[in-house]
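Dear colleague,

Please find the sequence and structure below for your records. My notes on what was found follow directly after them.

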Amino acid sequence: MDVYKIRGGKPLQGTIKVSGAKNSAVALIPASILADSPVTIEGLPEISDVFTLKALLEDIGSKVDFESGKMIIDPTETIAMPLPNGNVKKLRASYYMMGAMLGRFKHAAIGLPGGCHLGPRPIDQHIKGFEALGAKVTNEHGAIYLRADELRGAKIYLDVVSVGATINIMLAAVLAKGRTIIENAAKEPEIIDVATLLSNMGANIKGAGTNVIRIEGVEKLHGTKHTIIPDRIEAGTFMIMAATVGDGITIDNVIPFHVEALTAKLREMGVEVVEGEEQIFIPKSKSLAAVDVKTLVYPGFPTDLQQPFSVLLTQATGTSVITDTIYSARFKQIDELRRMNAEGKVEGQSVILSGPTHLQAATVRATDLRAGAALVIAGLLAEGETEIQEIKHIERGYSSLIEKLRGIGADIRKENVPEKATVKE
Ligand SMILES: CC(=O)N[C@H]1[C@@H](OP(=O)(O)OP(=O)(O)OC[C@H]2O[C@@H](n3ccc(=O)[nH]c3=O)[C@H](O)[C@@H]2O)O[C@H](CO)[C@@H](O)[C@@H]1O
Ligand SMILES: C=C(OP(=O)(O)O)C(=O)O
């Protein structure tokens with residue numbers, strides 16, 4: 001079993017570079033099968049979610065070449081193979097194969113997606129959108145079957161602001177006949193990135209990044225070249241790490257506007273955040289004040305950063321409360337942090353944290369992706385050697401993490417240890 005071993009307390013200094021956005025990558029790759037000629041995407045992160053999607057596209061006959069962050073997808077030979085099992089279970093974003101294959105072939109059969117366990121993660125809004133466009137949707141033995149004679153534009157009001165449903169409906173609607181309007185759409189930067197790729201492929205999309213998106217269906221889409229946006233969640237993780245354990249860290253390849261909610265919270269705590277055009281510098285923190293945080297849809301404080309942020313709050317003076325309004329069970333990091341001496345109590349969708357606490361190394365489990373990121377930050381701070389198990393979750397979303405952290409002075413390594421050392425739930 002692979003684990004990370006981290007010796008805490010090393011001075012972390014220098015520049016750390018952010019990779020391309022996971023949550024864009026996982027939509028851009030499926031989107032490319034809507035084209036009738038090759039699509040090139042540059043700046044992709046080298047994470048397992050990207051490798052899994054590459055394998056999924058290859059399963060359905062696309063030719064995919066991926067080297068140094070550049071993926072060339074030739075979708076011309078792609079066929080409507082059912083994808084009921086296997087790779088689709090490894091990531092959440094395999095649900096984008098539904099919208100993309102429905103858009104291209106007017107039918108698809110895809111297994112229910114995997115991804116982090118954060119409480120219930122239904123896809124009813126995706127299905128409502130596909131049905132509004134004219135698809136018949138059935139759940140047969142754990143796989144979703146989508147069938148349409150033709151797709152026709154429709155007005156779709158999302159009952160829940162959903163990133164996945166917004167993008168999936170866009171994917172299915174760009175080749176539909178007529179106009180689609182998505183109301184109460186999500187506004188995340190990744191949605192704009194996907195709309196940019198689709199527009200450069202010949203789609204007609206207006207309003208991405210606002211809560212009303214208008215799509216005029218077109219006859220066909222062609223290949224193009226696209227550079228992905230930087231990962232605002234990876235950038236935010238590094239900002240939190242810099243505020244928690246840094247001795248002066250520059251985060252490179254970040255769009256400061258994308259991380260404004262985090263920047264505001266850090267400043268409220270007393271952290272200095274110096275914004276450049278594509279860089280953010282965070283000097284060593286002096287004193288940290290406790291704050292309350294509520295996660296919200298973009299541009300609010302992202303749920304994907306609350307778990308790493310909880311580690312920073314263990315170093316703040318006083319009591320802080322984090323409330324996650326997006327997911328009902330996204331505090332699995334707290335049990336693990338408690339093994340490291342943190343004081344945190346989960347109450348419903350909130351966690352109450354007291355600080356400052358002196359974190360001590362322990363053997364812990366990355367229960368999910370951002371819990372894993374939280375434990376890496378805690379390990380960099382803690383006294384002694386921390387072992388993090390189940391790192392496959394971390395490697396779903398952080399590209400070259402060990403190399404990047406070593407580059408700023410961290411003592412972190414990946415090791416293979418015998419199974420018996422696993423921490424039990
Ligand atoms: C691959 C990807 O981009 N993942 C991100 C995406 O996940 P994902 O697209 O799964 O998240 P959504 O924005 O869809 O979910 C937001 C909320 O809406 C609910 N919901 C969603 C769809 C639906 O059909 N019905 C429904 O009730 C969810 O349970 C959740 O409570 O946005 C989340 C919220 O910012 C992030 O945490 C994830 O990192
Ligand atoms: C929850 C996340 O990812 P996914 O939706 O892929 O599970 C995340 O990126 O924090």
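I begin with one residue pair: Ala 108 has Leu 146, in β8, as its bridge partner. Please bear in mind throughout that this is a predicted model.

The strands concerned are β6 and β8 (residues 143-147), which pair in the antiparallel sense over five bridges. Helix α3 (residues 96-105) packs on the sheet and touches both β6 and β8. The direction of α3 makes about 160° with that of β6.

The sheet itself is open and consists of three strands in the order β6-β8-β7, with antiparallel pairing. Because β6 (107-111) and β7 (136-140) stand at the edges and have a single partner strand each, one side of each is left without a neighbour in the sheet. From one strand to the next, the twist averages 15°.

The second topic is the surroundings of ligand 1. The shell around ligand 1 comprises 21 residues, of which the closest are Asn 23, Gln 125, Ser 162, Val 163 and Gly 164.

Which helices supply at least two residues each of the shell around ligand 1? They are α1 (22-31), α4 (124-132), α5 (163-173) and α9 (303-313). With regard to domains, at least three residues of the shell come from domain 1 (2-19 + 230-421), and at least three come from domain 2 (22-227).

Yours sincerely

Definitions and conventions
Residues numbered from 1 in each chain as written. Chains lettered and ligands numbered in written order. Predicted model: local features only at pLDDT ≥ 70, side-chain atom pairs only at ≥ 80, totals over all residues. Pairing = 2+ DSSP bridges. Helix = DSSP H or I, 4+ residues; strand = E, 2+ residues; numbered from the N terminus. Axes fitted to C-alpha atoms, helices over the stretch in contact; angles between N-to-C directions. Contact = placed C-beta atoms within 7 Å. Near = placed C-beta within 6 Å. Domains from an automatic or database assignment.
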